[in-house]
Amino acid sequence: LAYLWLGLPALASAEEMAVPTGSVILTVTGAITTTNSDGAATFDLAMLEALPGQEITTSTPWYDGQQTFRGPLGSALLAAVGATGETLVVTAINDYVTEIPRSDFETWPVILAIRHNGQAMPVRDKGPIFVIYPFDSDNTLNSEVYYGRSAWQVKSIEVK
């Protein structure tokens, strides 16, 4: 009985997620077990900032010189929503769509950048969310495949 009692809070928290108090900037749907809005997990900036994150300083094809990006780890987002699928369909504000294998988030510390050089990322400059790989850490990442997966102005992710 004690094991059952100790396990109940973990089971309950696996299904519950805080509700955004600010503007929703990311919606995650699909094969997820943790939601806060009619079958979806919605996040405001504060919720994304609260997830385990990382700072990456790297070169990219979109900016001159090395740039510093900060945001939650993709793997942390998947854990927060209880993702069970193997493919992430990422959609941008302009309806650009790319597919990212879940394994990318497990192989590299891919982040959902919400800060660029210390500043929140405005929509006019690839924000509010930009998928960033640590390009300088592995030459494999310096290819059109990974550049194409690096969507900016991300608004939603469907887990399949």
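The following legends describe close-up views of a predicted model.

View 1. Five strands, in the order β2-β1-β11-β5-β6, make up an open sheet with mixed pairing. Because β2 (41-43) and β6 each have a single partner strand, they stand at the edges, and one side of each is left without a neighbour in the sheet. From one strand to the next, the twist averages 20 degrees.

**View 2. Strand β5 and its two partners.** Strand β5, which spans residues 87-92, is mostly covered, with 5 of its 6 residues buried. It pairs in the antiparallel sense with strand β6 (residues 97-101) over 5 bridges, and β5 also pairs in the antiparallel sense with strand β11 (residues 154-159), again over 5 bridges. Towards β6, Thr-87 stands opposite Pro-101, while Val-89 has Glu-99 as its bridge partner; in β11, Val-159 is the bridge partner of Leu-88. The hairpin of β5 and β6 has 4 residues between the strands, and in this hairpin Asp-95 takes a positive phi near 70 degrees.

**View 3. Helix α3 and the residue after it.** Helix α3 covers residues 74-81, and its buried residues are Gly-74, Ala-76, Leu-77, Leu-78 and Val-81. An α-helix has 3.6 residues a turn, so residues three or four places apart point the same way. Just after α3, Gly-82 takes a positive phi of about 65 degrees.

View 4. The structure holds 12 aromatic pairs. One of them joins Tyr-63 and Phe-69, whose ring centres lie 6.0 Å apart with the planes at 55 degrees, so the pair is tilted; both Tyr-63 and Phe-69 are buried. The rings of Trp-108 and Tyr-133, with centres 6.4 Å apart, have their planes at 65 degrees, so this pair is edge-to-face. The pair links distant parts of the chain, 25 residues apart, with Trp-108 in the loop between α4 (102-107) and β7 (111-113) and Tyr-133 in the loop between β10 (130-132) and α5 (144-149). Trp-108 counts as buried at 12% relative accessibility, and Tyr-133 is buried with a relative accessible area of 0%.

**View 5. Lys-126 and two aromatic rings.** The charged end of Lys-126 sits over the ring of Tyr-63, at 5.3 Å from its centre. Lys-126 also lies over the face of Trp-152, where the distance from the ring centre is 4.8 Å.

Definitions and conventions:
Residues numbered from 1 in each chain as written. Predicted model: local features only at pLDDT ≥ 70, side-chain atom pairs only at ≥ 80, totals over all residues. Heavy atoms only, no water. Buried < 20%, exposed > 50% of the residue type's maximum accessible area, 1.4 Å probe, protein only. Helix = DSSP H or I, 4+ residues; strand = E, 2+ residues; numbered from the N terminus. Pairing = 2+ DSSP bridges. Axes fitted to C-alpha atoms, helices over the stretch in contact; angles between N-to-C directions. Phe/Tyr/Trp six-rings, centres within 6.5 Å; stacked < 30°, edge-to-face > 60°. Lys NZ or Arg CZ within 6 Å of the ring centre and 35° of its normal.
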